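Q: Could we go through this one together, starting with how the chains meet and then turning to what sits inside?
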Amino acid sequence: MKNIILIIVSVLLISIDGFAQTPEEKGYAIQAEVNRRDNGFVDSMHEAYMTLRNARGEESTRLFMVKTLEVEGDGDKEIGVFQSPADVRGTAVLTHSHGLEPDDQWLYLPSLKRVKRISTVNKSGPFVGSEFAFEDIASWELEKYTYKYLRDEMLGEYDTFVVENIPAYEYSGYTRQVEWIDKTIYQPRRIDFYDRKNELLKTLIFSDYELHIDRFWKAGKLVMTNHQNGKSTELLRKNYKFRNGFSDRDFSVDALRNIR
Amino acid sequence: MRFRYVANCIIATLATFFSAVLSAVEISGHGLLDFRLYTQSPSYAVQNDNTLNPSIMLQPEFRREWNSGSDRITFIPFGRVDSQDKNRTHFDIRELNWLHLGRNWDLRVGVGKIFWGATESRHLIDVINQVDLVENLNGQEKLGQPMVNLNYSTDYGNFSLFYLPYFRDRTFPARSGRLRFELPVDSKDPLFDGFDRWHPSFAGRWNHTFGLWDIGLSHFWGVGREPSLRFLDEGGVLPNQNTSVLTPFYELIHQTSIDIQGAVDNWLWKLEALTRSGQGENRFAAVVAGFEYTFYGVLNSGTDMGVMLEYLYDGRDRTAPPTPFNNDLFFGIRLNFNDAPDTQLVVGNTIDLETRASIFRLNASRRLQEKWKIEAESTLFLNVTANDFTRGQSKDILTGMRNDDYVQIRIIRFF
């Protein structure tokens with residue numbers, strides 16, 4: 001039902017583009033359409049290959065498996081399990097996201113068989129030493145930002161909407177983000193992140209989009225470049241599988257103890 | 001009795017290897033090299049006085065899955081060879097079990113490891129596995145425990161049942177080893193209060209998440225993992241460092257416990273509490289409760305600093321197994337640098353509010369490369385006084401360790 005309303009709202013808003021629509025309304029309508037097209041995947045899993053590069057070009061890599069469960073009326077549930085580096089193999093992070101409410105998060109330490117609650121206040125902290133902050137890899141929910149349409153722009157070969165996103169959740173490290181959204185597939189092509197002093201901090205480039213089960217576009221490659229420290233992180237997402245029949249129990253605290 | 005256990009383990013091991021040969025087994029694990037340096041000579045002349053004590057440990061892990069991951073066999077043998085303490089040279093099967101995952105239940109049969117708990121300074125309620133004390137004084141390292149474990153998830157939480165058919169003896173340092181009590185513990189010849197190692201133990205646990213809080217309630221009924229340590233009078237021979245021993249005495253206990261952890265903004269709240277009967281003259285209660293408050297991105301960097309504070313109380317009497325944590329305060333700091341090599345530093349001090357004796361611990365670690373890691377560890381015993389030992393237990397159980405401050409560098413290779 002929610003989806004149908006969103007469709008009607010976005011079709012209406014987009015079709016009356018230019019008539020009595022504020023930039024905020026238009027920005028929201030564009031992002032609502034992005035959200036609508038991402039919804040309904042039920043569950044998914046993929047492999048994530050992360051390569052960290054520092055300013056001197058030194059590299060280190062991480063490999064982790066990600067499983068996601070779509071939750072009706074709440075944020076998604078997600079489990080990430082590390083395969084490498086070897087010292088963190090089997091370490092898992094479980095997140096139950098709740099939009100604007102604080103998320104629940106647990107860390108599983110396989111050598112001790114211990115499940116620890118972890119604080120989710122740390123939105124702006126680096127994820128495993130990379131240039132991705134926790135808030136950059138968290139599940140995206142429409143209500144987590146307020147939006148403002150800025151302009152239409154050609155980004156290289158892509159015709160895009162440019163939208164400003166302002167975090168509505170607490171503890172964000174950003175004053176705002178500027179996002180280039182591909183008009184054809186309604187997916188991001190680029191996001192610029194502005195720090196708390198409103199200076200350009202990072203740029204995230206999305207590429208290698210692939211269509212899955214005839215419906216869902218997923219970027220196969222994300223490159224985050226930090227303009228202030230010269231470091232970058234490349235994230236490759238491979239072997240997407242949708243609708244694996246995951247249940248709530250697969251994303252419970254107790255399932256963490258059997259994960260690998 | 002012990003032979004039967006060992007024989008069963010060997011048969012099971014051979015069976016695992018046989019099935020391993022037939023199909024693909026995933027092999028991983030790690031080995032490590034420790035250099036431990038004691039900063040002072042030991043308290044007693046019979047103890048080994050080497051300054052530098054190298055030690056090696058190997059722990060491979062073998063896993064095989066089938067039924068698209070619904071069935072899994074895990075085999076984790078463990079071995080350490082130590083230059084300084086013959087009891088520290090030891091071998092164990094940490095895990096050798098079959099796990100079956102059902103839709104809303106799972107079953108584990110074999111040797112396994114289970115952790116219960118929430119706090120940092122003491123693992124109070126964690127009772128399923130025996131402590132491998134020679135591995136680490138903090139009680140975090142455990143011996144493999146034979147078990148049948150059924151877990152069942154419902155909307156009202158997770159219910160776990162444990163049948164533990166065999167009891168494992170706690171490990172203790174040898175007479176010549178460091179980090180021991182005032183008299184060495186004769187871990188080869190313990191006493192049992194009218195039962196043997198095949199006396200079964202049982203446990204049940206319920207745990208559930210309520211919003212920001214995780215709560216667990218557990219009951220354990222069987223052989224208490226902590227022994228009381230008795231000096232058996234040898235016909236008027238006074239306790240002496242050359243021949244006298246403390247004999248471990250294991251009793252049947254009932255232990256009911258609760259553990260809670262919660263995350264509220266920057267605060268992590270932690271509680272473990274238990275009540276136990278069967279040891280000492282009366283049922284007693286014990287508690288560890290505290291918090292960890294984290295400052296994120298301190299000093300304009302990606303570094304997180306956690307400040308930990310916990311209070312420890314234990315109401316057991318003098319005839320129960322000894323603990324240094326009767327009325328103590330723990331203060332600690334955790335630094336996560338959140339850098340590419342995952343550099344971490346944890347320091348903590350547990351101080352006895354009555355005697356002012358304290359145990360200071362430092363742990364630091366950093367990844368060197370994809371498969372290498374280096375760790376530094378130190379334990380210091382502060383204000384621990386020498387006892388005027390006559391009969392029975394010492395007043396301060398740490399007194400034998402008062403000169404055993406050490407610094408250790410550990411190099412780990414993963415494979």
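**Where the chains meet**

A: This is a predicted model, and in it 33 residues of chain A are in contact with 49 residues of chain B.

Q: How much area do chain A and chain B bury between them?

A: They bury about 3400 Å² between them, with 42% of it on carbon and sulfur atoms. Of the area that chain A buries against chain B, 22% is supplied by Arg117(A), Arg249(A) and Arg260(A), more than any other three residues.

Q: And how many salt bridges are found across that interface?

A: The rule finds seven salt bridges across the interface of chain A and chain B, including one in which the side chains of Lys116(A) and Glu120(B) meet at 3.3 Å, N to O. There are also 25 residue pairs in polar contact between the two chains, counting pairs with both residues at pLDDT 80 or more.

Q: Which element gives the most to the side of chain A that touches chain B?

A: That is β6(A), with four residues, and by class this side of chain A has 13 nonpolar, eight polar and 12 charged residues.

Q: Switching topic, how many residues are in the largest nonpolar core?

A: The largest nonpolar core has 22 residues, and those with the most contacts inside it include Phe64(A), Phe132(A) and Phe206(A). Its largest share, four residues, comes from β11(A).

Q: What is Phe206(A) in contact with, leaving aside its neighbours within four places in sequence?

A: Its contacts include Pro188(A), Ile191(A) and Leu222(A), and also Arg189(A) and Lys221(A). Apart from this core lies another, of 20 residues, with Ile114(B) and Leu274(B) among them.

Note on methods:
Residues are numbered from 1 along each chain as its sequence is written. Chains are lettered from A and ligands numbered from 1 in the order in which they are written. This is a predicted model: local features need pLDDT of at least 70, side-chain atom pairs count only at pLDDT 80 or more; totals for chains, interfaces and linings use all residues. Side-chain values use heavy atoms; hydrogens and water are left out. A nonpolar core is a set of buried Ala, Val, Leu, Ile, Met, Phe, Trp, Tyr and Cys residues joined through side-chain atoms within 4.5 Å. Buried means under 20% relative accessible area, exposed over 50%, partly exposed in between (1.4 Å probe, protein chains only). Helices (H or I, at least four residues) and strands (E, at least two) are DSSP runs, numbered from the N terminus. Contact means heavy atoms within 4.5 Å. Buried area is the accessible area (1.4 Å probe) that two parts lose on being put together, summed over both. A salt bridge is a side-chain nitrogen of Lys or Arg within 4 Å of a carboxyl oxygen of Asp or Glu. A polar contact is a pair of N or O atoms within 3.5 Å; within protein, one must be able to donate a hydrogen and the other to accept it, and residues adjacent in sequence count only if both atoms are side-chain atoms. Ala, Val, Leu, Ile, Met, Phe, Trp, Tyr, Cys and Pro count as nonpolar, Asp, Glu, Lys and Arg as charged, and the others, Gly among them, as polar.
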